[in-house]
Amino acid sequence: YSAREIALQDVDLEHWRSEPVVVPSYAAWFELNAVHDLERQALPDVVGSAGSREEAEYKRLRNQVVLLYRDAPHKVLSAADALAHVPAAADVVVRVHALLEYWGLVNAEADGRVRMAKAMERVKAAEERTVKRCAVTGQPLQRVYFHHPDAERHPNMLLSPNAYAHGLLPPTLCLHDFKRKAAID
């Protein structure tokens, strides 16, 4: 059986995996066959009231995410991975994944190097979105750089001092088109 088939059957899930499942002591409240009040408090609009259709749907979705992780507990299960395998609204899957990860119910056993690598990828991607770069060389700009004052016609036209000093410009522009700018720390 796949994790998905087992989750859909709602069988005794504790006996499914041959290796013991590590659940952090601070998450000792967790049971696959029940929904805890902590889950209701954290996601009241998703879990619904006890015995409701929403609660049953939440439990099914939550168990699918947990079992996906337990298929390969030494690999990080990202929210994107969960979204790819769990048929539910994206915002709900992401919120459930975040709750499970917070309590260590997913990714608790994942290889620390893998988790660190994924975290570094996210940091690097965020930096790349916010770091200003030289339009010619692509290198990150330091405190001093040159910019084109007409941002509408030339958006993101920034030059490093090195590119400016060597006259490395797009063919339609001249050095006198650029203004020196010093970023304030």
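1. Let me start with Arg-40, which counts as buried because its relative accessibility is 19% (buried means under 20% relative accessible area, exposed over 50%, partly exposed in between, with a 1.4 Å probe and protein chains only). Keep in mind that this is a predicted model: local features need pLDDT of at least 70, side-chain atom pairs count only at pLDDT 80 or more, and totals for chains, interfaces and linings use all residues. Residues are numbered from 1 along each chain as its sequence is written, and side-chain values use heavy atoms, with hydrogens and water left out.

2. What does the side chain of Arg-40 meet in a salt bridge? The partner is Asp-37, at 3.2 Å from N to O. (A salt bridge here is a side-chain nitrogen of Lys or Arg within 4 Å of a carboxyl oxygen of Asp or Glu.) Both residues sit in helix H2, residues 37-42, and they are 3 residues apart, about one turn of the helix. (Helices are DSSP runs of H or I with at least four residues, strands are runs of E with at least two, and both are numbered from the N terminus.) Glu-55 comes in as well: Asp-37, Arg-40 and Glu-55 are linked in a network of salt bridges.

3. Helix H2 also holds Glu-39, and this is the pair I'd look at next. Glu-39 forms a salt bridge with Arg-62, with 2.9 Å between the closest N and O atoms. Glu-39 lies in helix H2 and Arg-62 in helix H4 (residues 53-71), so the pair ties together parts that are 23 residues apart in sequence. As for burial, Glu-39 counts as buried at 1% relative accessibility, and Arg-62 is buried too, with a relative accessible area of 0%.

4. Glu-57 counts as partly exposed, because its relative accessibility is 36%. For the tally, the structure holds 5 salt bridges.

5. Now the strands. E1 (residues 144-147) runs antiparallel to E3 (residues 179-182), and 4 bridges join them. E1 also pairs with E2 (residues 158-159) in the antiparallel sense, over 2 bridges. (Two strands pair if DSSP finds at least two bridges between them.)

6. Which residues are the bridge partners of His-147? In E3 the partner is Lys-179, and in E2 the partner is Leu-158.
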